[in-house]
Amino acid sequence: MFSPKRFKGKKACVLGMGKSGISCARLLKRQGFQVLISDSRVIPVPTGLEGIETETGGHSDAVYKCDFIIKSPGIMPNNPVLKKLKKLKKPIFSELETACAFIPKNCKIFAITGTNGKTTTTVMLSEIMKAHCLNEKKNRKVYTVGNIGKPFSSVADSIEPGSIIVTEVSSYQLEDSTCFKPFVSALLNITPDHEEHHGSLKKYIAAKGKIFAYQKASGSFITNGADPVCVKFMKRAKCKVFSFSSTPHHSVRVDAFFDGDEMIFANGCHIKPPKLLLGIHNIENAMAASLMAFAAKVKQKDVQDGFNTFNCLEHRIELFCEYKGIKCYNDSKATNIDSTVTALKALQSENKIWIILGGRGKGAPYKPLIPFLNKFCKHAVLIGEDSANIKQQLSGRFPATEKGDLKNAVDYIFSKAQKGDIMLLSPACASFDQFKDFEHRGKVFKQIVKDYIKKH
């Protein structure tokens, strides 16, 4: 566990100059530590690091002379620099736990992880907690931080006492956790993902399990009663456990289910999910957010008020325009196979979808997509560096055309699609071959579609 008192006057090295690494370096500098931030990439040094020692293009021996290390989430666990630091017995901490060391002790942390649905659930819970503070006339702030885009460490030392912190947590952040103890945690689901980072599905699952591993008996763990991996975790938790399922379940005690219209809770509450959400997976996300709120004794009205103010999120099965009867959906956040299957199920449009697949593959097979493509799609249009691999796996089982990039894909679909069809970007791949991230990919896609419509 990182202790500011223990390392007072010592020098920190932050490995990685990504968003969270930069935020953590600044936090430590504000708190009086000497700081070196080091990155292996040949990149320009970002602004705002005045007073912080910086190095790019490789890690020098200066790294090994520092007293403790903060590992940025994106750094691979088998990184040779990390291995050497461990041999030298240098204390290594995560950005997540470093941030937690600087918040007031009476704050309550609500932490959310899972393969899919983290951001949606995080935003829903934030809206619920804001409604709770407003309705109860409590002068408390709600901070929404973490993997959602605002690093925890960027605000940790400015958080007011008594605040509520809702944080989205990735497996990358959790793998380095040694003492993370949220007041309420949630594990939404587990499907294969990020094996290229963790080294195996087993290690990925183990990282996710750290969301509740250090919670005390007074804490609460919310999870998916229909997910076999989550069910196993339920039996290991030392805190209070609450589960949800999209349908009534018999093998596991379920505290929330969906009757087709309302979410029904074991505490007697009946709540309607947000109106704009598509798909049963989002009903499950809403149940998870509700159970997290109920674990903190939030009232039914607060939950419903929070849902009533919630809007659908960009890049997540986002209907952004319609042209000549062709609906255009941006689901750029679908960076794995399961997310794409979820989108196809949510749209429920049999044999009407022109799906754009491809990007940087994660090593998972694409063949599990085939039955869903055959049920819901007309054609697959392939882009990015894994397009040839996707085409080979779909060959003879579903029609697919390689188009290289998004512009060519959009032009092709508009030239072939008919009124009533759907254009769906749901790539099942990471974006880093052609884009900065999935947000960049989604924004480029939407702009290409809008430019096409203007010209035609």
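**Parallel strand pairing and burial in a predicted model**

Strand β16 (residues 326-330) pairs with β20 in the parallel sense over 4 bridges; two strands are said to pair if DSSP finds at least two bridges between them. Strands (E, at least two residues) and helices (H or I, at least four residues) are DSSP runs, numbered from the N terminus. The structure is a predicted model, in which local features need pLDDT of at least 70 and side-chain atom pairs count only at pLDDT 80 or more, whereas totals for chains, interfaces and linings use all residues. Residues are numbered from 1 along each chain as its sequence is written, and side-chain values use heavy atoms, with hydrogens and water left out.

Strand β17 is mostly covered, with 6 of its 6 residues buried. This burial applies to both faces: I353, I355 and L357 lie on one side, and W354, I356 and G358 on the other.

Another set of parallel pairings involves strand β6 (residues 108-113). Because 5 of its 6 residues are buried, β6 is largely enclosed by the rest of the structure. Strands β6 and β8 run parallel and are joined by 5 bridges, with F110 opposite V166 in β8. Strand β6 also pairs with strand β9 (residues 184-187), again in the parallel sense, over 4 bridges; in that pairing, A111 stands opposite S185 of β9.

The loop between β7 (142-146) and β8 (164-168) contains G162. G162 counts as buried because its relative accessible area is 14%. When residues up to four places away in sequence are not counted, G162 touches N106, C107 and R140, a contact meaning heavy atoms within 4.5 Å. G162 and N139 are 23 residues apart in sequence, and their C-alpha atoms are 9.0 Å apart in space.

For the protein as a whole, the secondary structure comes to 15 helices and 20 strands. The radius of gyration is 23 Å, which agrees with the value near 23 Å for a compact globule of 456 residues; it is taken over C-alpha atoms, and the globule rule is 2.2 Å times the number of residues to the power 0.38. The C-alpha trace spans about 65 × 55 × 40 Å along its principal axes. Of the 456 residues, 57% are buried. Among contacts with a separation of 6 or more, 65% are between residues 24 or more positions apart. The accessible surface comes to about 20000 Å², of which 52% belongs to carbon and sulfur atoms; accessible areas come from the Shrake-Rupley method with a 1.4 Å probe, and for residues only the protein chains shown count as cover.

Conventions:
Buried means under 20% relative accessible area, exposed over 50%, partly exposed in between (1.4 Å probe, protein chains only).
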